Amino acid sequence: MHGFHGRLLHVDLSTGQSVWHDLEQSRLRAFLGGIGLGTSLLYDYAPPGVEPFSPANPLIFASAPLVGTGLTTTAKFAVVTKSPLTGFIADSLSSSYFALELKRIGLDALIITGRAAAMAYIFIENEKVEIRAAEHLRGKSPLECESLIRGELDVPTARVAAIGKAGENKVRFATISNEGRHAGRGGVGAVMGSKNLKAITLCGDHAISVADPAGVDKIAGALRERSLGSLTDKYRKIGTVANLAVFNRLGTLPTRNFQQSTFDDADALSGESLTENNFSRRHGCAACTIRCERLFKALDGGEQRLEYETLFALGPLCGIDNPAVVLQAAQLCDLYGLDTISTGGTLAWAMECSERGLLPGAEELGLKFGQADALLAAIPAIAEGRGLGALLAQGSRRAAIEIGGESMHWAMHVKGLELPGYEPRSLKTMALGLAVSPRGACHNRSGAYEADFSGEVDRLRADSGRGVLVAGSEDFAAVLDSLIICKFLRKCFTDFYSESANLLSKVTGWDYSSAELERAGERIHNLKKLFNMREGWRTEHDWLPPRLLTETLPTGVAQGIGLPAEELREMIQSYYQARGWDEFGFITEDKLKQLGLSGVSGSEFQLSK
Amino acid sequence: MERDSTTVDAAAVILAGGKSSRMGRPKALLLFDGEPLIAHVVRKLGNIFPEIIVVAAPDQELPPLPVKLARDDVAYQGPVSGIYHGLKASTREICFVTSCDAPFLNLALVSHLLSQISDFDVVVPFWQERFQPLHAVYRSSVAPLLKDQLERGELRPIFLYDKVRTRKIDECEIRRLDPEGLSLLNMNSPADYDAALQLWNKRNSISISVELFGVARMLAKTQLVSLDLAQGATLAQVLSALAERLPVLVGRVITSEGLISGYTCNINGLDFVRAPSAKVSSGDKIFILSADAGG
């Protein structure tokens with residue numbers, strides 16, 4: 001088999017058993033890898049209705065056909081599980097050397113179930129699988145874990161993914177981190193923590209074979225060249241932090257818990273200012289030519305990675321205008337292994353509730369918009385579950401439900417996942433994308449904002465043409481996330497589906513057409529939805545927080561713009577229609593049949609366990 | 001160009017056959033706003049007049065124009081002859097008469113003059129203590145009187161005004177529609193011509209600002225650039241003026257064809273545009289940013 005190894009490893013932490021299973025070719029072909037393969041395995045491995053923190057909830061690490069082929073930006077892996085934040089699918093991506101090592105183990109997926117009796121880490125060296133004691137790693141940051149474990153091992157090439165304190169304490173938005181990168185959203189780190197699993201260590205030397213090495217090399221060369229051109233200038237020269245100044249000017253920068261979409265002090269936080277004043281180093285994932293990561297000088301003399309989403313969430317969203325504070329807050333989130341978007345989103349909710357006198361105990365911390373000390377004190381409190389931190393560790397939705405009353409009005413989430421840094425009222429296609437995403441408010445599983453920023457549509461007005469755009473964008477993302485290709489390479493394709501079908505054919509030796517690949521994207525997305533339906537999804541879950549539907553934007557070029565509920569409803573209907581689902585958003589039997597999903601848990605792609 | 005194309009039941013008569021002696025070359029052919037002055041005046045008047053007559057000297061060379069051409073019998077006989085031949089050639093009862101060296105004709109003022117003719121034979125502005133016979137409205141019925149004048153050798157049009165019902169439009173009335181009286185401005189010397197050109201460029205330029213984001217800002221080391229451009233400028237002209245101002249952007253953000261791939265423009269925070277032919281207006285704020293909003 002080329003591009004795949006054709007097998008998975010299932011480790012049961014409760015029994016200590018690990019078993020290798022063959023993966024059927026039909027499943028790999030239909031779900032590609034990465035998020036697609038992970039979703040398909042989640043559907044089969046998660047018992048219906050499983051509690052996210054139950055030992056039975058599978059934590060799945062999925063590799064993909066393009067990983068390790070030398071194609072730029074493809075050193076990535078997916079982490080899929082049932083989210084403790086949303087109760088639906090959590091499908092996160094992370095990248096770099098751990099991704100390459102996962103594939104070199106000689107597997108396409110690693111499934112972890114059960115719960116270790118004591119803090120443990122999994123060590124895998126090719127076929128050798130060991131569950132090792134990790135009590136000495138308790139409380140350590142993911143980076144400390146990496147260096148401690150590598151120090152213990154006699155294998156310099158070993159790669160480690162770990163959780164921090166937040167994962168150990170089952171903070172519902174804890175991450176799994178490797179080499180400073182994170183599988184960030186949806187609380188995959190909390191699921192890992194619930195299994196008493198501190199880290200996974202990999203070292204492998206399985207060859208990664210492709211069907212047509214010369215053909216793959218040729219495409220890889222062309223993509224590498226394109227990836228170094230002007231299409232990726234933003235990522236190569238400034239990084240994603242470049243978004244902040246533009247978003248502010250366009251009235252799409254969520255500020256003070258979405259009270260505004262412009263931030264008066266955006267200049268100081270802009271990517272341009274950060275680059276000029278705080279730049280330390282540029283960095284890239286393994287096998288990446290774009291190298292978008294930027295490390296900035298932090299106050300303590302160290303360096304800190306910063307992405308736009310972190311910058312927005314710990315900056316304007318919380319009313320913080322000092323870049324040094326944002327960098328310090330980001331450092332804390334990395335140290336504890338916290339998703340920065342949900343951290344910022346939950347804290348912004350707490351700040352608003354505190355200012356409105358709705359949150360008992362918040363005043364003690366001094367939680368108010370723009371209060372740097374309070375922000376910096378709250379992050380460790382969340383990670384360690386101390387005081388008010390224990391409430392905030394549940395995420396904004398659960399915290400608001402617990403507080404009750406008006407506080408629920410200010411929780412800015414979809415399906416429990418806090419909103420990313422794209423103001424929905426001034427990005428109407430994105431508004432729809434956020435409302436219907438199976439993962440909750442997510443900017444990665446669709447790039448619906450792309451239409452808004454292209455001039456293809458009027459971003460300030462809703463219309464029923466958006467359903468098709470969002471569905472198309474989700475399918476496109478599903479294919480990228482399953483092959484896996486980084487989204488920052490997406491513009492380097494002229495005809496994505498035909499180019500990537502050609503590429504995938506040369507990697508796997510299977511003859512993919514662009515139509516098959518497009519259909520795979522649709523299938524993967526539908527399966528995520530199908531999983532959510534099984535786990536209790538209802539029409540009302542595809543919706544946006546009330547603030548967005550009742551308040552108009554008070555400042556900036558989008559001043560006066562709102563999103564009336566009926567306009568959102570109309571867009572959602574257009575989306576269900578574009579998807580071929582019923583009017584309530586449920587997948588129809590016909591659609592399942594079309595996509596080969598009708599017997600998804602029974603026959604067609606059933607594992608030979 | 002005026003957008004109002006409401007037509008009137010009157011003709012315009014343009015006198016083009018003057019000597020241009022102080023100018024040193026034929027005024028009708030002076031370049032103005034990228035075209036011969038006569039064409040500029042014809043185009044302007046074409047917005048409201050269904051009939052235009054150009055009165056030229058015998059054998060005078062003119063560019064092709066969508067007008068009726070009338071020729072003086074004798075060269076350089078002066079304005080009375082020109083007005084007479086123009087009125088004679090007109091099929092309409094009312095004629096607005098002007099010279100070909102009036103680049104700033106104000107159609108609001110011209111329309112006002114036309115509106116005053118009903119009980120008069122001539123409507124003539126009185127500006128800076130002088131009648132302006134070559135910016136006046138005449139009834140065709142005065143043609144025989146002008147012929148008589150010519151025969152008597154009375155070469156100044158104002159002799160007519162005592163003989164017919166003349167409505168004098170005073171300065172105050174003119175200023176209500178044309179505060180600076182520019183409609184009455186004509187050019188006799190090269191210095192007048194230069195001054196008129198400068199005034200034209202000033203009156204017809206627009207100011208826009210360009211806001212730079214991301215890589216463009218880093219390269220240019222500035223966030224904001226103000227540019228003055230010709231009326232009707234397009235994005236292509238914005239980019240070319242920007243390239244001239246900030247050569248560091250050439251080849252990195254801007255090329256001769258527009259923005260390089262990976263970059264886009266947004267006008268006033270609302271419309272994303274990349275087409276070089278997109279029009280810009282005075283006061284527009286043009287953002288130059290990455291075409292990729294991912295992150």
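This is a predicted model: local features need pLDDT of at least 70, side-chain atom pairs count only at pLDDT 80 or more; totals for chains, interfaces and linings use all residues.
In chain A, 20 residues of domain 2 are in contact with 24 residues of domain 3. The contact between the chains takes 29 residues from chain A and 23 residues from chain B.

**Domains of chain A**

- Three domains make up the division of chain A: domain 1 (7-203), domain 2 (235-418) and domain 3 (424-594).
- Between domain 2 of chain A and domain 3 of chain A, the C-alpha centres are 25 Å apart.
- On the side of domain 2 of chain A that touches domain 3 of chain A, strands β16 (413-414) and β17 (417-418) of chain A each supply at least two residues.
- The class make-up of that side of domain 2 of chain A is 10 nonpolar, eight polar and two charged residues.

**Domains of chain B**

- Chain B is divided into domain 1 (11-201) and domain 2 (205-290).
- A distance of 42 Å lies between the C-alpha centres of domain 1 of chain B and domain 2 of chain B.

**Contact of chain A with chain B**

- The elements of chain A that give two or more residues to the side touching chain B are α8 (233-237), α9 (243-249), α11 (271-278), α12 (308-314) and α20 (449-452).
- Helix α9(A) provides the largest share of that side, four residues.
- By class, the side of chain A that touches chain B has 11 nonpolar, eight polar and 10 charged residues.

**Helix α25(A) with helix α21(A)**

- Helix α21 (residues 466-483) of chain A packs with helix α25 (residues 565-579) of chain A at an angle of about 55°, and their axes are 7 Å apart.
- This angle makes α21(A) oblique to α25(A).
- The crossing in which α21(A) passes α25(A) is right-handed.
- From α21(A), the residues Arg466(A), Gly467(A), Val468(A), Val470(A) and Ala471(A) meet Met571(A), Ser574(A), Tyr575(A), Gln577(A), Ala578(A) and Arg579(A) of α25(A).
- Sorted by class, the contact of α21(A) with α25(A) has six nonpolar, three polar and two charged residues.

**Helix α25(A) with helix α19(A)**

- Helix α19 (residues 428-436) of chain A and α25(A) pack at an angle of about 70°, with a distance of 10 Å between their axes.
- This angle makes α19(A) roughly perpendicular to α25(A).
- Helices α19(A) and α25(A) form a right-handed crossing.
- Ala431(A), Leu432(A), Ala435(A) and Val436(A) of α19(A) meet Leu568(A), Met571(A), Ile572(A) and Tyr575(A) of α25(A).
- The contact of α19(A) with α25(A) has eight nonpolar residues, no polar residues and no charged residues.
- Met571(A) and Tyr575(A) of α25(A) are listed in the contact with α21(A) and also in the contact with α19(A).

**Open sheet in chain A**

- Three strands form an open sheet in the order β13-β14-β15 (chain A), and their pairing is antiparallel.
- At the edges stand β13 (279-283) and β15 (303-305) of chain A, each of which pairs on one side only.
- From one strand to the next, the twist averages 30°.
- Strand β14 (residues 293-297) of chain A is joined to β15(A) by three bridges, and the two run antiparallel.
- Lys297(A) has Glu303(A) in β15(A) as its bridge partner.

**Open sheet in chain B**

- Five strands form an open sheet with mixed pairing, in the order β12-β11-β17-β15-β16 (chain B).
- The edge positions belong to β12 (224-230) and β16 (271-273) of chain B; each has a single partner strand, so one side of each is left without a neighbour in the sheet.
- Direction ignored, neighbouring strands of this sheet are turned by 30° against each other on average.
- Strand β15 (residues 263-267) of chain B runs antiparallel to β16(B), and three bridges join the two.
- Opposite Cys265(B) stands Val273(B) in β16(B).
- Helix α8 (residues 235-245) of chain B packs on this sheet and touches β11 (205-212), β12, β15, β16 and β17 (285-290) of chain B.
- The direction of α8(B) makes about 125° with that of β12(B).

Methods
Residues are numbered from 1 along each chain as its sequence is written. Chains are lettered from A and ligands numbered from 1 in the order in which they are written. Axes are lines fitted to C-alpha atoms, for helices over the stretch in contact, and angles run from 0 to 180 degrees between N-to-C directions. Angles under 35 degrees count as roughly parallel, over 145 as roughly antiparallel, 65 to 115 as roughly perpendicular and the rest as oblique. A crossing is left-handed if the near helix is turned anticlockwise from the far one by less than a right angle, and right-handed if clockwise. Two residues are in contact if their C-beta atoms, placed from the backbone, lie within 7 Å. Ala, Val, Leu, Ile, Met, Phe, Trp, Tyr, Cys and Pro count as nonpolar, Asp, Glu, Lys and Arg as charged, and the others, Gly among them, as polar. Two strands pair if DSSP finds at least two bridges between them. Domain bounds come from an automatic or database domain assignment.
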